[in-house]
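Student: Could you walk me through this structure? I am new to it.

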Amino acid sequence: MFQFHLDHTDTSSSARCGRWETPHGVVETPAFMPVGTRGSVKGVWPHQLAETGAQMILANTYHLTLRPGEKVVQELGGLHEFMGWNGPILTDSGGFQVFSLGALRQLDDDRVVFKSHIDGSILDLTPARAMQIQEDLGADCIMCLDECPPHDAPVSKLEEAVARTTRWAQICRETHKRADQALFGIVQGGIHPQLRERSAEGLLKLDFPGYAVGGLSVGESPEEMYRTLDFTTPMLPKEKPRYLMGVGRPIDIIEGVLRGIDLFDCVMPTRNARNATAFTSHGTVKMRNLKYQTDREPLDSECDCSTCQQFSRGFLRHLFTVGEMLGPMLLSVHNLRFYQRVVTELRSAIKSNSAQEFRREHLARMRDGP
Ligand SMILES: [Zn+2]
């Protein structure tokens with residue numbers, strides 16, 4: 001049900017392109033997954049998402065279990081029907097938000113107990129509970145419960161997190177029952193090669209159908225992240241999909257692909273859109289800028305999205321200036337299309353063994369500026 005076919009590996013890097021079969025369709029990799037935090041990619045219709053080229057999307061377990069609750073989603077037909085998205089969906093374990101948003105009450109070898117950031121209610125999250133929630137939500141790809149410590153945590157804390165993540169992964173593996181869901185293990189270990197190795201070894205023994213790299217993009221520098229990927233990605237099996245969680249800027253995605261990552265997700269295209277920041281073929285631009293007031297040109301003349309086909313920079317600027325909701329909606333479609341163009345072009349570049357060249361050209365264009 002979850003065949004991963006590796007079509008080609010770039011001769012100039014570790015970049016690879018493939019096809020991942022899921023119960024809700026095939027995902028061509030490398031792929032970027034837009035984030036529907038609470039069951040909605042903010043301001044964007046599902047059909048528009050598909051038009052941007054999105055193949056698979058992500059929803060957050062932590063948010064959905066607090067509201068409306070996984071049983072409500074299940075009663076409404078599961079995530080696909082609930083969200084109106086019939087393509088593949090991935091849910092995270094909730095671990096990342098527990099550690100970043102929830103008021104932590106208790107963390108031991110069995111569970112993490114936290115107070116909801118919404119109404120102060122207590123949620124007791126065990127690995128088995130994380131599996132039950134994600135089985136009820138019903139995504140195609142789900143994640144083991146992991147502990148994601150902050151990047152500046154002392155090594156002893158990172159060691160504890162690796163041990164706990166490995167132990168929890170084993171329980172998740174034993175508890176998870178749905179054959180129509182692929183359960184991924186998450187490699188932790190901060191930016192330390194030995195810890196990443198220990199984490200990967202423990203998870204590989206459990207033979208997951210895919211592996212995620214967690215604990216990055218949590219405050220370390222881009223160079224530290226790339227270096228960590230340099231030694232972590234080769235530890236993961238070639239024949240299985242590899243997912244870099246929560247990353248990132250377009251250049252981070254390119255650097256991740258060059259190091260052999262297949263799947264990415266990030267809130268950046270939609271979050272930046274809501275802040276009037278657009279990704280373009282020649283760098284990022286702030287749409288509120290006065291210089292766009294009477295600009296009749298499309299936002300990005302190289303972009304084929306519905307926003308760029310129909311609207312001028314002057315109109316977009318106007319929408320943001322007066323606070324019209326159409327502004328963030330139109331810019332979200334454009335930014336999501338920009339990310340999809342990056343991964344689509346990367347797939348072509350890999351097939352012609354020119355992924356490194358693609359990276360160089362991308363950096364040169366960004367340097368030129370808009
Ligand atoms: Zn566009």
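This is a predicted model: local features need pLDDT of at least 70, side-chain atom pairs count only at pLDDT 80 or more; totals for chains, interfaces and linings use all residues.

Tutor: Residues are numbered from 1 along each chain as its sequence is written, and side-chain values use heavy atoms, with hydrogens and water left out.

Student: Which protein donors does the zinc ion have?

Tutor: They are Cys303 (SG), Cys305 (SG), Cys308 (SG) and His334 (ND1), at 2.1 to 2.3 Å from the zinc ion. Donors are N, O and S atoms within 2.8 Å of the metal (3.2 Å for Na, K and Ca); water is not among the atoms, so sites may look incomplete.

Student: And what is the geometry of that site?

Tutor: The site is tetrahedral, with angles of 100 to 120° among the 4 donor atoms. Four donors count as tetrahedral if all angles lie between 85 and 135 degrees. For comparison, the ideal angle for four tetrahedral donors is 109.5 degrees.

Student: How are the donors spaced along the chain?

Tutor: Their spacing is C-x1-C-x2-C-x25-H.

Student: Are Cys303 and Cys308 buried or exposed?

Tutor: Both Cys303 and Cys308 are buried. Buried means under 20% relative accessible area, exposed means over 50%, and partly exposed is in between (1.4 Å probe, protein chains only).

Student: Now the helices. At what angle do helix 6 and helix 7 cross?

Tutor: The axes of helix 6 (residues 127-137) and helix 7 (residues 155-175) cross at roughly 45° and come within 8 Å. Helices (H or I, at least four residues) and strands (E, at least two) are DSSP runs, numbered from the N terminus. Axes are lines fitted to C-alpha atoms, for helices over the stretch in contact, and angles run from 0 to 180 degrees between N-to-C directions. Helix 6 and helix 7 are therefore oblique to each other. Angles under 35 degrees count as roughly parallel, over 145 as roughly antiparallel, 65 to 115 as roughly perpendicular and the rest as oblique.

Student: Which residues meet there?

Tutor: From helix 6, Pro127, Ala128, Met131 and Glu135 meet Trp168, Ile171, Cys172 and Thr175 of helix 7. Contact means heavy atoms within 4.5 Å.

Student: What about helix 7 and helix 8?

Tutor: Helix 7 and helix 8 (residues 193-204) pack at about 10°, with axes 9 Å apart. The two helices are therefore roughly parallel to each other. Residues of helix 7 including Leu158, Val162 and Ala169 take part in this contact, as do residues of helix 8 including Leu195, Ser199 and Leu203.

Student: And how do helix 10 and helix 14 pack?

Tutor: Helix 10 and helix 14 (residues 326-351) have axes 11 Å apart, at an angle of about 25°. That makes helix 10 roughly parallel to helix 14. The contact is made by Pro250, Ile253, Ile254 and Val257 of helix 10 with Phe338, Tyr339, Val342, Val343, Leu346 and Ile350 of helix 14.

Student: Where is Ile253, then, and what does it touch?

Tutor: Ile253 sits in helix 10 (residues 250-258) and counts as buried, at 1% relative accessibility. Leaving aside neighbours within four places in sequence, Ile253 is in contact with Phe32, Val247, Gly248, Phe264, Tyr339 and Val343. The C-alpha atoms of Ile253 and Ala31 are 9.6 Å apart, although the two residues are separated by 222 residues along the chain.

Student: Changing topic: where are the cis peptide bonds?

Tutor: One joins Thr29 and Pro30, with omega about 0°. Pro30 is in the loop between strand 3 (25-29) and strand 4 (31-33). Another joins Arg67 and Pro68, with omega about 10°, and Pro68 is in the loop between helix 2 (61-66) and helix 3 (70-75).

Student: Last one: what is phi at Ser217 and at Ala276?

Tutor: Phi is near 60° at Ser217 and near 65° at Ala276, in each case a positive value in a residue other than glycine. Ser217 is partly exposed, with a relative accessible area of 39%, whereas Ala276 is buried, at 1%.

Methods. Four donors count as tetrahedral if all angles lie between 85 and 135 degrees; four count as square planar and six as octahedral if opposite donors are over 155 degrees apart and all others between 65 and 115; anything else is irregular.
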